[in-house]
Amino acid sequence: MKRLPFDLHIQWTIGLLFALFWLVSALLPAAVAVATEPESAAAHPNLPIAAWSQIHETGREIFFSRYQSSGWGQALQLSDNGKRNFLPAVISENDGTVWVFWTSEANNQFTLQYVRIRDEVSFAPETIPTQLEQNMAPSALVDRDGTVWLAWSSFDGTDDDIFYSVWEGSRWSHPLRLNTDDYTPDMQPLLGMDADGSPWILWRGFDDGRYRFYFSRWNGADWDPEEALETDSSYLEQVRQQFASLPDLPEEIADKKKCALHMAEAPVQSLPLFMEDFLSEPSSESPNKASPQ
């Protein structure tokens, strides 16, 4: 076999090395870019999300943080109206879009506000048209069909009742009363979902001088008639188990009772931490006792 002349062999070798150097130089930045690209929210849909209320400047505002593989991310301020914003609820859709709901109070008017967050950019807060002036303690979930459910308590002029609405793609459905209208307070709803995908709700209602838990389940067309829960109810036990396995919270949270924690795979997708105090034996509390604000 004929060999290349020595000088041509050297030139060919140098050319090959130069080509390899150029190829590695071209590919290395792309590899580094992939390795350092920010984590996608949709890539970690089961990690906790926190929303909380804290004093900020002239009011009490709502903040949000998402857990990442390295710990809690930077807190994002969602409200900035100088009002008293409190009692948040937080859920997420499969694509990573986060919904945060809360009560906003000014001049004794309590409205329900919400924002949607996508890729850590939040839309402007919007008001849910409840047609009632006193709206408290929202709770939310996303069912297996992707429907967003919302429940809360409103004062109808006589007493507090539980209302609910669903997101219809561009607007909220007309709010409907969920509990029996019995002229005694019903408040602090908590939405959850069974293993078969059926939404359920429990709440605290005043009965015979004390608060106790009541329950209803969605049957596919309407909510079943309410029933009282005993303290050993399996539904209450599910909530207790969630409280028993809480992760560490963001360092910015001064009072954990003003926080709601979202865990997508849990029965209760938005867990208001103030509810832990109410999961023991029913007590003879005053019917005027309100949620922590």
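**Notes on salt bridges, strands and cores**

1. Arg177 counts as partly exposed, at 33% relative accessibility. The model in which this residue is described is a predicted one.

2. Arg177 forms a salt bridge with Asp161, the closest N and O atoms being 3.3 Å apart. Asp161 is buried, with a relative accessible area of 0%. Arg177 also forms a salt bridge with Asp181, where the closest N and O atoms are 3.8 Å apart. Asp181 is partly exposed, its relative accessible area being 33%. Through shared partners, salt bridges join Asp156, Asp161, Arg177 and Asp181 into one network.

3. Side chains of opposite charge can pair when their charged atoms come close. The whole structure contains 15 salt bridges. One of them links Arg66 and Glu120, whose closest N and O atoms are 2.8 Å apart. Arg66 lies in strand 2 (residues 59–68) and Glu120 in the loop between strand 7 (109–118) and strand 8 (121–122), so this pair ties together parts that are 54 residues apart in sequence. Arg66 is buried, with a relative accessible area of 8%, whereas Glu120 is partly exposed at 37%.

4. The chain as a whole may now be summarised. The secondary structure comes to 2 helices and 19 strands. Of the 293 residues in the protein chain, 45% are buried. Among contacts with a separation of 6 or more, 46% are between residues 24 or more positions apart. The accessible surface comes to about 15500 Å², and carbon and sulfur atoms account for 53% of this area.

5. Strand 11 pairs with strand 10 in the antiparallel sense over 7 bridges, and Ala140 stands opposite Leu150 of strand 11. The pairing of strand 11 with strand 12 is likewise antiparallel, over 7 bridges; here Phe155 has Asp160 in strand 12 as its bridge partner.

6. Two hairpins accompany these pairings. The hairpin of strand 10 and strand 11 has 5 residues between the strands, and Gly146 in it takes a positive phi near 85°. In the hairpin of strand 11 and strand 12, there are 4 residues between the strands, and Gly157 takes a positive phi near 105°.

7. An open sheet is formed by 4 strands in the order 14-15-16-17, with antiparallel pairing. Strand 14 (186–193) and strand 17 (227–228) stand at the edges with a single partner strand each, so one side of each is left without a neighbour in the sheet. Strand 14 pairs with strand 15 (residues 199–207) over 6 bridges in the antiparallel sense, and Met187 stands opposite Arg204 in strand 15. In a regular strand the side chains alternate between the two faces of the sheet.

8. Helix 2 (residues 234–244) lies across strand 14, strand 15 and strand 16 (210–217). The helix runs at about 100° to strand 15.

9. Which residues have the most contacts inside the largest nonpolar core? This core has 30 residues, and those with the most contacts inside it are Trp200, Leu202, Phe213, Val239, Phe243, Leu271 and Met275. At least two residues each come from strand 1 (49–56), strand 5 (84–92), strand 10 (134–142), strand 15, strand 16, helix 2 and strand 18 (259–262). Helix 2 gives the most to the core, with 4 residues. Leaving aside residues up to four places away in sequence, Phe243 touches Leu271, Pro272, Leu273, Met275, Glu276 and Leu279.

10. Apart from this core lies another, of 15 residues, which include Ala89, Trp99, Leu150 and Trp167.

Notes: Residues are numbered from 1 along each chain as its sequence is written. This is a predicted model: local features need pLDDT of at least 70, side-chain atom pairs count only at pLDDT 80 or more; totals for chains, interfaces and linings use all residues. Side-chain values use heavy atoms; hydrogens and water are left out. Two strands pair if DSSP finds at least two bridges between them. Contact means heavy atoms within 4.5 Å. Axes are lines fitted to C-alpha atoms, for helices over the stretch in contact, and angles run from 0 to 180 degrees between N-to-C directions. Buried means under 20% relative accessible area, exposed over 50%, partly exposed in between (1.4 Å probe, protein chains only). Accessible areas come from the Shrake-Rupley method with a 1.4 Å probe; for residues, only the protein chains shown count as cover. A salt bridge is a side-chain nitrogen of Lys or Arg within 4 Å of a carboxyl oxygen of Asp or Glu. A nonpolar core is a set of buried Ala, Val, Leu, Ile, Met, Phe, Trp, Tyr and Cys residues joined through side-chain atoms within 4.5 Å.
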